[in-house]
Amino acid sequence: MKDVYITRVSKFLPNDPISNDEMESVLGQINGKPSKARRVVLRNNGIERRYYAINKDGEFTHSNAKLTQEAISNLFDDSFTENDMELLCCGTSTPDQLLPSHAAMVHGLLANRNLEINSASGICCAGMSSLKFGFLSVKAGNSNNAVCTGSERASTKILANKFKEEADSLASLEKLPIIAFKKEFLRWMLSDGAGAMLLQNKKNDDSLSLKIDWVESYSFAHELETCMYSGGEKLEDGSIKSWTEYSSKQWLEESIFSIKQDVKLLEKNVIEKGVESMEMVFKKQSKDPSDIDYFLPHISSYYFADKLKKRIKESGLNIPESSWFTNLSKVGNVGSASIYLMLEELMSSGRLKKGDKIMLSVPESGRFSYAYAHLTVC
């Protein structure tokens, strides 16, 4: 088995950052009225700015595939070009189309050479699934390198015009044209961007690399119902009715393709299962959490930060609070790309030194999955 190193990390964030007060001017107002939920959600999530692939005229500036290609292109220089790539692994929850795969569309934009591709689906853990596929390929000797990505263009699903038919339908039924909180909640949480990592079987000669010690993931879908979803509707028994079983008229009138979150289920389980999975991974890897120098938790909202710290401490896992590193307030919640954006910022900060231990932690509320990676600076 080969050693595997992250030798480069890059990012791409589209257009100028958008402040909290500018959000509705970009995303629009549902039924022409300011959102009552916006300030409450923003006060809790602590996000101060984010990026959208939309210009000030409301026009899309980048597809998800284009965001990903831009991030990947930032990995290249004369010593490693697009023609040196052997494997492309792309994770996202918001591909531009149902078919073909996201990785195929990114490869099409790269227009470099024939190579193996892999697409990981899911939500926030899709970026980690992409990383794990690349890691295992290089480790097994299947490829000498892999480019792994996480990317999102969530803005296409949270624009006000995506809810127009539902608002009009509610008004015609003489109901208040207010979109359910489970649909509006994520309008003030999600944004766009992409990150990329270059994995190689040799570390850098003249700069720091990150040796991947292990990547682990856990799913609790066998015991918990769906929490975050799109392309369906949740029924009273907790099951999901697929978009394929609705008429095209219902797709619009019930905003079937909007991204929805069962916030009560989220509150009840996301921390508990997160800490439970941490206990499992530290035990499996016989890892002492007290020697982690940088703990990078993908948290969707600062609302959960103190709760997670408290529950970690109660569990006896001694992850130093001083090791926490996050950039959520500055770049927003970019789903599968967030962990890439955090690692890129840490790696380019100048703070890392050889021997430092880094742990990546990514929860996914879809049906409660958790992914972890342990890195050593070398």
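## Helices H10 and H11

In helix H10, the residues Glu267, Ile271, Glu272, Val275, Met278 and Glu279 meet Lys307, Leu308, Arg311, Ile312 and Ser315 of helix H11; contact means heavy atoms within 4.5 Å. By class, this contact of H10 with H11 has 5 nonpolar, 1 polar and 5 charged residues. Ala, Val, Leu, Ile, Met, Phe, Trp, Tyr, Cys and Pro count as nonpolar, Asp, Glu, Lys and Arg as charged, and the others, Gly among them, as polar. The model is predicted, with local features needing pLDDT of at least 70 and side-chain atom pairs counting only at pLDDT 80 or more, while totals for chains, interfaces and linings use all residues. Residues are numbered from 1 along each chain as its sequence is written, and side-chain values use heavy atoms, with hydrogens and water left out.

H10 covers residues 263-284 and H11 covers residues 305-315; the two pack at an angle of about 45°, with their axes 10 Å apart. H10 is therefore oblique to H11. Angles under 35 degrees count as roughly parallel, over 145 as roughly antiparallel, 65 to 115 as roughly perpendicular and the rest as oblique. Axes are lines fitted to C-alpha atoms, for helices over the stretch in contact, and angles run from 0 to 180 degrees between N-to-C directions. Helices (H or I, at least four residues) and strands (E, at least two) are DSSP runs, numbered from the N terminus. H10 passes H11 in a right-handed crossing; a crossing is right-handed if the near helix is turned clockwise from the far one by less than a right angle, and left-handed if anticlockwise.

## Helices H3 and H4

Helix H3 (residues 64-73) packs with H4 at an angle of about 60°, and their axes are 9 Å apart. This makes H3 oblique to H4. The crossing of H3 past H4 is right-handed.

From H3, the residues Asn64, Ala65, Lys66, Thr68, Gln69 and Ile72 meet His102, Met105, Val106, Leu109 and Leu110 in H4. The contact of H3 with H4 divides into 6 nonpolar, 4 polar and 1 charged residues.

## The loop between H1 and H2

Ser35 lies in the loop between helix H1 (23-27) and helix H2 (38-45). Ser35 counts as buried because its relative accessibility is 16%; buried means under 20% relative accessible area, exposed over 50%, and partly exposed in between (1.4 Å probe, protein chains only). The Ser35 side chain reaches the backbone nitrogen of Ala37 at 3.1 Å and the backbone nitrogen of Arg38 at 3.0 Å. Apart from its neighbours within four places in sequence, Ser35 is in contact with Glu24, Glu184 and Trp188.

Asn31 also lies in the loop between H1 and H2. Although not a glycine, Asn31 has a positive phi of about 60°. With 36% relative accessibility, Asn31 counts as partly exposed.

## Further backbone features

Most residues other than glycine have a negative phi, and most peptide bonds are trans. Ser286, in the loop between H10 and strand S13 (294-297), has a positive phi near 50°. At 70% relative accessibility, Ser286 counts as exposed.

A cis peptide bond, with omega about -5°, joins Leu99 and Pro100. Pro100 has its place in the loop between strand S4 (87-92) and helix H4 (102-110).

## Arg8 in strand S1

Arg8 belongs to strand S1 (residues 5-12). A polar atom of the Arg8 side chain lies 2.7 Å from the backbone oxygen of Leu75. Leaving aside neighbours within four places in sequence, Arg8 is in contact with Leu75, Phe76, Asp77, Ser79, Phe80, Ala196, Met197 and Leu198.

Conventions
A polar contact is a pair of N or O atoms within 3.5 Å; within protein, one must be able to donate a hydrogen and the other to accept it, and residues adjacent in sequence count only if both atoms are side-chain atoms.
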